[in-house]
Amino acid sequence: MLSQLKKLKPDISELQLSEVKVDTTIIGYLATIFTENGYPYAGGCSEKRDTAIRIAAAECIERAIVHKIREESDGECLLLNEFPTTCGFAAGFDSAKTKARAICEAYERWAWSKWMDENYSIPIVEVANCITDPLSSYFQKTFDQVIFLEKEIQPELNWLHNQESIKLGIVLGIKGNGVFPGSRVVSVTEDPWGHALLEAWRHAIIFENISKYSGEAKDIFDKRIMHFGNYKELAFSAIERSKKSKWPKPKLRLLQEVQTPMEKTYLWRALCHDFVGWHEGPIDRFVY
């Protein structure tokens with residue numbers, strides 16, 4: 001696998017696999033792909049070892065191909081000229097599932113912008129007692145408190161598993177003076193909380209690592225993590241302003257497959273109309 005990934009990104013160095021344990025019991029695995037300079041380029045987490053590796057590989061493929069496209073063209077056909085990040089991209093090893101994840105990410109980016117930039121409300125829900133799998137429970141317990149929010153959304157078309165509506169699940173992990181969000185869009189029959197808790201935990205780890213080792217956030221996303229990792233009250237002030245109840249329907253602007261150089265590997269990008277990209281705005285925009 002590493003030899004294939006090196007063809008996409010020559011400075012890939014190694015894959016490290018670490019166990020997530022509670023006492024002496026292994027409850028999951030973290031797979032991280034590093035570059036030669038020690039940068040953690042991609043990662044994956046799962047209760048199953050092989051799944052964690054596949055997730056890390058897919059993330060590596062996604063980032064490497066998008067980076068290559070941006071190097072070789074303006075990326076206008078994929079709207080990279082307007083949204084120059086990996087937002088809306090999904091890579092994987094099953095075309096239909098990868099396409100569905102890209103669509104979900106498009107709706108997720110759109111919904112966050114509606115929530116934070118246009119003040120549409122997302123209700124708090126009580127689901128803490130429903131978090132029963134060991135890995136999600138582990139992530140939840142790393143925080144002082146976790147707040148769960150959920151919003152059902154009706155898209156323009158039934159793009160996802162023929163469901164008439166989808167749902168956005170957001171977790172806010174509170175730790176000390178900071179708040180660390182995570183989220184996921186899924187069909188109404190699926191559970192968003194495991195992935196959302198993983199994202200929140202990752203953001204908290206980034207905050208701790210920057211605080212402890214480097215002391216400097218290099219991009220807008222890390223700067224926001226550091227900002228809200230120190231000033232949780234500013235995030236909750238923004239949430240308090242979001243009171244509009246009648247949401248619009250998201251409309252897909254882009255849904256396109258990208259050819260990959262690897263056999264049985266797929267890449268899609270989906271983006272909605274009418275939202276502000278995650279890369280835009282100042283550090284006190286609670287979107288990352």
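In what sense do strand β2 and β3 pair, and over how many bridges? Strand β2, covering residues 25–35, runs antiparallel to β3, and the pairing extends over 6 bridges. For two strands to count as paired here, DSSP has to find at least two bridges between them. The strands themselves are DSSP runs of E with at least two residues, while helices are runs of H or I with at least four, and both are numbered from the N terminus.

Before going further, a word on what you're looking at: this is a predicted model, where local features need pLDDT of at least 70, side-chain atom pairs count only at pLDDT 80 or more, and totals for chains, interfaces and linings use all residues. Residues are numbered from 1 along each chain as its sequence is written, and side-chain values use heavy atoms, with hydrogens and water left out.

Back to those strands. They belong to an open sheet of 3 strands, in the order β1-β2-β3, with antiparallel pairing. The edges are taken by β1 (12–22) and β3 (40–46), and each of these has a single partner strand, so one side of each has no neighbour in the sheet. On average, neighbouring strands of this sheet are turned by 20° against each other, direction ignored; the axes behind that angle are lines fitted to C-alpha atoms.

Leaving aside residues up to four places away in sequence, K232 touches I174, G176, N177, G178 and V179, where touching means heavy atoms within 4.5 Å. Take V179 from that group: V179 and K232 are 53 residues apart along the chain, yet their C-alpha atoms are separated by 5.0 Å. G176 is worth a look too, as its backbone oxygen lies 2.9 Å from a polar atom of the K232 side chain. With a relative accessibility of 27%, K232 counts as partly exposed; that label covers values between buried (under 20% relative accessible area) and exposed (over 50%), using a 1.4 Å probe and protein chains only.

Finally, have a look at two backbone angles. N119, in the loop between α3 (95–117) and β5 (124–125), has a phi near 65°, which is a positive value in a residue other than glycine. N119 is partly exposed, at 24% relative accessibility. D274 lies in the segment after β10 (266–272), and its phi is near 60°, again positive in a residue other than glycine. D274 is exposed, with a relative accessible area of 56%.

Methods. Axes are lines fitted to C-alpha atoms, for helices over the stretch in contact, and angles run from 0 to 180 degrees between N-to-C directions. A polar contact is a pair of N or O atoms within 3.5 Å; within protein, one must be able to donate a hydrogen and the other to accept it, and residues adjacent in sequence count only if both atoms are side-chain atoms.
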